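Student: I would like a close look at one part of this model, with the cut-offs spelled out. Please keep the answer in one piece.

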Amino acid sequence: MDTVKLKIKHRPFCFSVKGHVKMLRLALTAASMTFFIIAQAPEPYIVITGFEVTVIFFFIILYILRLDRLMKWLFWPLLDIINSLVTTVFMLIVAVLALIPETTTLTVVGGVFALVAAVCCLADGALIYRKLLFNPSGPYQKKPVHEKKVL
């Protein structure tokens with residue numbers, strides 16, 4: 001009898017938890033940018049949120065097309081974690097600056113969306129960090145202590 005080995009298919013990025021969190025980040029940041037544009041908020045708010053939308057979109061396309069598997073010379077999870085942390089800091093600054101002064105309602109709504117996007121950035125960074133710890137790849141692969149070389 002011939003045995004057939006079934007190849008386990010990789011779960012597409014769009015259907016993973018990491019994919020959902022990234023797309024939620026993109027939607028919240030784009031909504032925040034839209035509210036800032038409509039409210040004619042100060043330009044740094046629009047520029048920072050626009051830049052973050054571009055970077056998040058880049059990472060989503062990178063993971064959907066699985067380009068991270070092709071370009072192994074770059075350690076993508078580390079870049080993604082750094083991006084999540086930097087984005088969290090920038091979005092918190094923008095949110096606080098948008099919420100503190102007495103401004104228009106749309107600027108406040110944009111600030112609230114930026115604050116929620118910052119929380120999503122933290123969640124995204126935590127998910128990537130957890131995956132990196134439990135499923136390391138590359139030269140930094142952890143081995144159990146009880147595995148010893150037998151001569």
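Student: Which residues does the UniProt annotation "transmembrane region" cover?

Tutor: The structure is a predicted model, in which local features need pLDDT of at least 70 and side-chain atom pairs count only at pLDDT 80 or more, while totals for chains, interfaces and linings use all residues. Residues are numbered from 1 along each chain as its sequence is written, and side-chain values use heavy atoms, with hydrogens and water left out.

According to the unreviewed UniProt entry, "transmembrane region" covers residues 21–39, 45–65, 77–100 and 106–129. UniProt positions follow the numbering used here, feature names are shortened, and such annotations may be inferred rather than shown by experiment.

The model can be set beside that record. It has five helices and zero strands, and from the N terminus on its elements run α-α-α-α-α. Helices (H or I, at least four residues) and strands (E, at least two) are DSSP runs, numbered from the N terminus. The span 21–39 is 95% helix and 0% strand, with its end C-alpha atoms 27 Å apart. For residues 45–65 the content is 95% helix and 0% strand, and the end C-alpha atoms lie 30 Å apart.

Between helix 1 and helix 2 (43–64) runs a loop that contains Gln40. Most residues other than glycine have a negative phi. Gln40, which is not a glycine, has a positive phi of about 55°. Its relative accessibility is 70%, so Gln40 counts as exposed; the cut-offs are under 20% relative accessible area for buried, over 50% for exposed, and in between for partly exposed (1.4 Å probe, protein chains only). By that scale, buried residues make up 33% of the 151 residues.

In helix 2 sits Gly50, which counts as buried because its relative accessibility is 17%. Gly50 is 18 residues from Ser32 in sequence, and their C-alpha atoms are 9.3 Å apart in space.

Charged side chains come next. Side chains of opposite charge can pair when their charged atoms come close. Three salt bridges are found in the whole structure, where a salt bridge means a side-chain nitrogen of Lys or Arg within 4 Å of a carboxyl oxygen of Asp or Glu. One of them joins Asp80 to Lys22 at 2.8 Å, N to O. Asp80 belongs to helix 4 and Lys22 to helix 1 (residues 17–38), so this pair ties together parts 58 residues apart in sequence.

Lys22 also meets Asp124 in a salt bridge of 2.6 Å, N to O. That pair links helix 5, which holds Asp124, to helix 1, which holds Lys22, across 102 residues. Asp124 forms a further salt bridge with Arg25, the closest N and O atoms being 2.6 Å apart. With Asp124 in helix 5 and Arg25 in helix 1, parts that are 99 residues apart in sequence are tied together.

Asp80 and Lys22 are both buried, as are Asp124 and Arg25. Lys22 counts as buried because its relative accessibility is 1%, and Asp124 is buried because its value is 0%.

Helix 5 (residues 105–134) also holds Ala126, which counts as partly exposed because its relative accessibility is 44%. Ala126 and Leu85 are 41 residues apart along the chain, with 9.7 Å between their C-alpha atoms.

On the surface, Phe75, Leu78, Ile82, Val86, Val89, Phe90, Ile93 and Leu97 form a nonpolar patch with about 660 Å² of accessible area together. Patches are made of residues with over 30% relative accessible area and no salt bridge, joining like charges within 9 Å and nonpolar side chains (Val, Leu, Ile, Met, Phe, Trp, Tyr) within 5 Å. Areas come from the Shrake-Rupley method with a 1.4 Å probe, and for residues only the protein chains shown count as cover.

A positive patch is formed by Arg66, Arg69, Lys72 and Lys131. Lys and Arg count as positive and Asp and Glu as negative, while His and the chain ends are not counted; each charge is placed at NZ of Lys, CZ of Arg, CG of Asp or CD of Glu. Arg69 falls in helix 3 (residues 67–70) and is partly exposed, at 41% relative accessible area.
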